[in-house]
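Dear colleague,

I am passing on the structure below, and after it you will find my notes on what turned up in it. Please read them with the coordinates open.

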Amino acid sequence: MTSDAATRATVRDLALRTVPRGCPLCEAMCGLTVTLDAEDRVVSVRGDADDVYSRGYLCPKGASLGAVDDDPDRLTRPLVRRDGELREVNWEEAFDEVDRLLTPLLAQDRNSVAAYTGNPTGHNVAFTLLAGRLARSLGSIQAYSPATMDQLPQNVTAALLFGEPSSIPVPDLDTTDLLVIVGGNPLVSNGSIGAAPDYRGKLKALRARGGRLVVVDPARTATAGAADEHLQIRPGTDLFLFLGILHVLFAEDLVRPRAAAGRLSGLRELREAVAAYPPAAVAEVCGIPPETIARLARELATTDRAAVYGRLGTTLNRYGTLTCWALQTVNVLCGHLDRPGGLLFTRPVTGGPTTRKATKPAHPFTVGRYRTRVSGHPEVFGELPVAALAEEILTPGPGRVRGLVVYAGNLARSLPDSARMQRALTEVEALICVDPYLNETTRYADVILPPPGSLTRDHFDLVLYQYAQRNYARFSTPARGVPDGMLSEWEILLRLCGIYEGRGAHADPDEIDDEIATSLRRSIARSLGTEESEIVAGVPGRGPRRLLDLRIRSGPYGDLFGRNPGGLSLSRLLEFPHGIDLGPLEPRVDEVIRTPSGTIELAPPMILEALARVEVPQPEPGTLLLIGRRDLRSKNSWLHNVAPLAKGKDRSALHVSPADAEAYDLADGGFALVTSAAGEIRVPVRVTDEVAPGVVSLGHGWGHDDPHARLRVAARKPGVNSNTLTDGTVLDPLSGTVQMNAIPVRLTRT
């Protein structure tokens, strides 16, 4: 290297700066170090070795955070439809158009405007802090989210058993000796609702202390391949496996609830309900030998530290809520709930319903305060099933959804029966999207409001801390400023609130910000039994930091506005850029339980009534069962346009067993026509013994073949849209969650 070149390199290196950041791309909440140059371009992203939670772990998604934020296809200016074309406008024109389109609809019927809140918002502190105000401002019962394509059965189970929908216990991965994973693949996904950085390291440590991993899954996933035992269950039958285990626990007198022993009700009713499901009977349904079911029940009951953990395979089937209920009931009866090495409840830093003293009597969990107009699906936790949205738009008559606001969601690819959803998008009179991309959904929009990248905003995992492996917190300040000509997401959302509330397109966002802070102060004052004047934020200015400070200071570790000297505030948290460890999870079931009876209600009437109506699945002759699949470099439809993550082979192929490939005359690398009750797709075939005969597997979130979208990287490997096959009429009766696993399909060679 010449002296001039060396000098330039030295100057360049001196201009570099490195900032710690929380990763916003999955639930593992890893700490990163992001290095930027003098022009604020990302030079590198690495794992933060000093982070108290992830300790340097890094996955391919996190390493690509700079490429995600700097994707050249991201929009930098609002788009408004003019003469049939989306054209760049300034922000005032964009909000004027939102006002023009939505205000008349809201004036006629607020329920004629629906809102869909996409998955990325859960990683965005601005949105999570404003979600309640946005919903109240819109004032519509037409609220939708991916919850009814994901975890809602777990929330319903938590509400029924414990009295609070967020009270989902997480497995104590650091000390358990027997971990049973059902329908999850955390080595690829990093886990979810119990996520952990470096899940592989956690499993290695489990083995090092003499523990065992058992995976129950129709496919030999990466996690199943690493297990001590893989039980290859028939798709959609996990409920029957758990019912068989519960039968054994009662029949062999193995019920030992331990920590929960004095807080249970419904044991007799539960025993009677599972009496009809001995292992010999359920084995015929789930495909696992009866002796294996009995042995697993005995191992769970006699292992001191054990946990059963389930994810999408347990929620996205015909009886998702019953499956999640049966799973958690196994944990309770075996004595693994609320015990180290079993499953524990977190104590999040910003508090929650179970970290504060109850101020009013508990009410039984109910659903159906209102129902969808067309099919009569009941509301659950203030949401309607996503499977109902298309028909609510397409079906004429009073109450039809005519306007739609989408916050970071790709409905045309992610929703069930997506061909029908795509037709519905063409019928919406006003489609407003808050999204950084012109994708398969936003290409139908009347207005697109693009937020800047995640590195321009504060990061705090407000939602995800309640499912962490330890009690901890990390606040990340922006790595770079909001680019000229863009608005922060906070301001975009506040201005939408102003329009929803009839204040017009030019309402002062600071005024709405102050109103939100005032409302929060009043709520905190009531809960603490003090004067509102004592509830004062310790950080200057408006925005997310003020609200977060109020919540942290009033939370279980907070300084309580001077009442607890040395307690946490946002100012103190800012002194720990690599996070602050608030200790391991500890037993706290007594403060978690918020049911009307004050007990863990094992046999709620809603569950017993649903269980009495369960039908044993009967495969149709000539069909196979389609299941989903996770990918290490992907998350739903988010990351397919990121060049570093798009490398490699086609990840949107149909996995078919060698036996089925022979039976249907399919060749590896060839194509098959896959047909379901909802639609059909032509898809490339990969022949593999990772799936059992009778089972085929296809990833979710692909299908980037829309020529009107602006996703140049994704378009090179568009894949196929599996949700063309998802039947939106088949829902879990208790939660409204769509069946996205165990879908009957037929194969034909093409």
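The charged end of Arg-682 sits over the ring of Phe-671, 4.0 Å from its centre, where a charge counts as over a ring if NZ of Lys or CZ of Arg is within 6 Å of the ring centre and within 35 degrees of the ring normal. Another such contact is that of Lys-635, which lies over the face of Trp-638 at 5.0 Å from the ring centre.

Please bear in mind that this is a predicted model, in which local features need pLDDT of at least 70 and side-chain atom pairs count only at pLDDT 80 or more, while totals for chains, interfaces and linings use all residues. Residues are numbered from 1 along each chain as its sequence is written, and side-chain values use heavy atoms, with hydrogens and water left out.

Turning to ring pairs, a search of the whole structure gives nine aromatic pairs; rings of Phe, Tyr and Trp (its six-membered ring) pair if their centres lie within 6.5 Å, and planes under 30 degrees apart count as stacked, over 60 as edge-to-face and the rest as tilted. In one of them, Phe-162 and Phe-345 have ring centres 5.4 Å apart and planes at 85 degrees, so the pair is edge-to-face. Because Phe-162 lies in helix 6 (residues 152–162) and Phe-345 in the loop between strand 14 (343–344) and helix 16 (389–394), the pair ties together parts that are 183 residues apart in sequence; helices (H or I, at least four residues) and strands (E, at least two) are DSSP runs, numbered from the N terminus. Both Phe-162 and Phe-345 are buried, that is, under 20% relative accessible area, with exposed meaning over 50% and partly exposed in between (1.4 Å probe, protein chains only).

The rings of Phe-460 and Phe-475, with centres 6.4 Å apart and planes at 45 degrees, form a pair that is therefore tilted. This pair links distant parts of the chain, 15 residues apart, with Phe-460 in the loop between strand 17 (447–449) and strand 18 (470–473) and Phe-475 in the loop between strand 18 and helix 19 (489–500).

As for helix 19 itself, 11 of its 12 residues are buried, among them Trp-490, Arg-495 and Tyr-500, and the helix is followed by Gly-502, whose phi is positive, near 80 degrees.

By contrast, Asp-83, in the loop between strand 4 (79–82) and strand 5 (85–88), counts as exposed because its relative accessibility is 74%.

With best wishes
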